Amino acid sequence: MSTVKNEGSKLVFVALLMLIAPLARSADWPMWKHNSGRTAVSPGALSTELHLQWVRQLPPARQAWKDKSNAMLFFDVSYEPIVAGKLMFVGSMNSDSVTAYSTETGAEKWRFYTDGPVRFAPVAYKGNVYAASDDGYLYCLKGADGKLVWKMRGSPADRKILGNERLINIRPVRGAPVIHDDILYFAAGIWPFMGTFIYALDPETGETIWVNSGNGSRWITQQHGAPSFAGVAPQGYLALT
């Protein structure tokens with residue numbers, strides 16, 4: 001089990017494991033809130049008595065949006081670890097990376113750098129790890145060693161702009177990846193008038209099964225009452241039911 005908490009100016013990343021002999025392995029936590037429905041329920045059972053095993057300190061998260069009035073944009077307020085087997089995977093919006101730690105010791109096993117902030121929890125699936133970056137790419141990495149298997153750009157162009165105080169793709173991947181029934185989904189683009197792209201991929205090869213690129217250019221009345229060409233702005237954790 002893992003927790004994240006604030007202590008003063010430091011963000012402390014704490015891993016808690018059941019202290020029994022031999023060390024019991026609980027169920028994996030392969031994506032944010034455990035599954036594609038984001039139910040936040042695990043089939044694994046915790047021990048009635050937990051003991052601190054190790055601690056790692058990470059720098060405070062640098063959020064994309066700082067407007068406190070819109071809670072829907074608080075998708076990167078803290079680090080969101082996932083677990084597969086004896087490895088814990090953590091994306092970083094600070095160091096633009098995905099890092100694997102040992103769940104038993106907290107030791108860093110590998111680190112992979114992208115060209116932009118990694119604001120969402122990755123997804124672990126059949127030995128691979130999938131991570132979205134503001135550089136516009138979705139990355140597939142080998143869970144064991146972090147080597148790149150494939151990467152796929154969600155935007156039709158590799159154009160860069162200044163966004164959220166960083167240099168990012170004009171259409172960052174802000175629809176966090178999710179896997180359901182052997183299909184991987186993610187979304188790129190946050191401004192409908194610039195185009196948004198929702199993808200379904202084969203997680204093994206990265207090949208596109210389908211893409212929805214037309215919902216950002218419909219003539220609609222927006223939530224604040226203004227009629228314009230707009231549409232879905234998929235920013236946050238995607239979920240399937």
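For the chain, the mean pLDDT is 87, and 89% of residues reach 70 or more. Residues are numbered from 1 along each chain as its sequence is written. As the model is predicted, local features need pLDDT of at least 70 and side-chain atom pairs count only at pLDDT 80 or more, whereas totals for chains, interfaces and linings use all residues; side-chain values use heavy atoms, with hydrogens and water left out.

Strands (E) are DSSP runs of at least two residues, numbered from the N terminus, and two strands pair if DSSP finds at least two bridges between them. An open sheet of five strands has the order E17-E16-E15-E14-E20, with mixed pairing. Strands E17 (208-212) and E20 (236-237) stand at its edges; each has a single partner strand, so one side of each lacks a neighbour in the sheet. The pairing of E14 with E20 is parallel, over two bridges, and Ala 176 has Tyr 237 in E20 as its bridge partner.

Strands E6 (residues 97-102) and E7 (residues 108-113) run antiparallel and are joined by five bridges. Thr 99 is bridged to Arg 111 in E7. Five residues separate E6 and E7 in this hairpin, and Gly 106 in the turn has a positive phi of about 80 degrees.

Pro 172 is located in the loop between strand E13 (166-169) and strand E14 (175-180). With a relative accessible area of 1%, Pro 172 is buried (under 20% relative accessible area, 1.4 Å probe, protein chains only). Beyond its neighbours within four places in sequence, Pro 172 contacts Ser 133, Asp 134, Gly 136, Ala 187, Ala 188, Gly 189 and Ile 190. Of these, Gly 189 is 17 residues away along the chain, with a C-alpha separation of 5.5 Å from Pro 172.

One cavity of 30 Å³ or more is present. A cavity is a set of points on a 1 Å grid over the protein atoms alone where a 1.4 Å probe fits but cannot get out; lining residues have an atom within 4 Å of a point. The largest cavity has a volume of about 40 Å³, taken as the space filled by probe spheres set on the points, which are joined across faces, edges and corners. Its lining includes Ser 78, Glu 80, Arg 119 and Tyr 237.

Methods. Helix = DSSP H or I, 4+ residues; strand = E, 2+ residues; numbered from the N terminus. Buried < 20%, exposed > 50% of the residue type's maximum accessible area, 1.4 Å probe, protein only. Contact = heavy atoms within 4.5 Å. 1 Å grid on protein atoms, 1.4 Å probe; cavity = no way out; pocket = protein on both sides within 12 Å on 5 of 7 lines; lining within 4 Å. pLDDT = per-residue confidence, 0-100.
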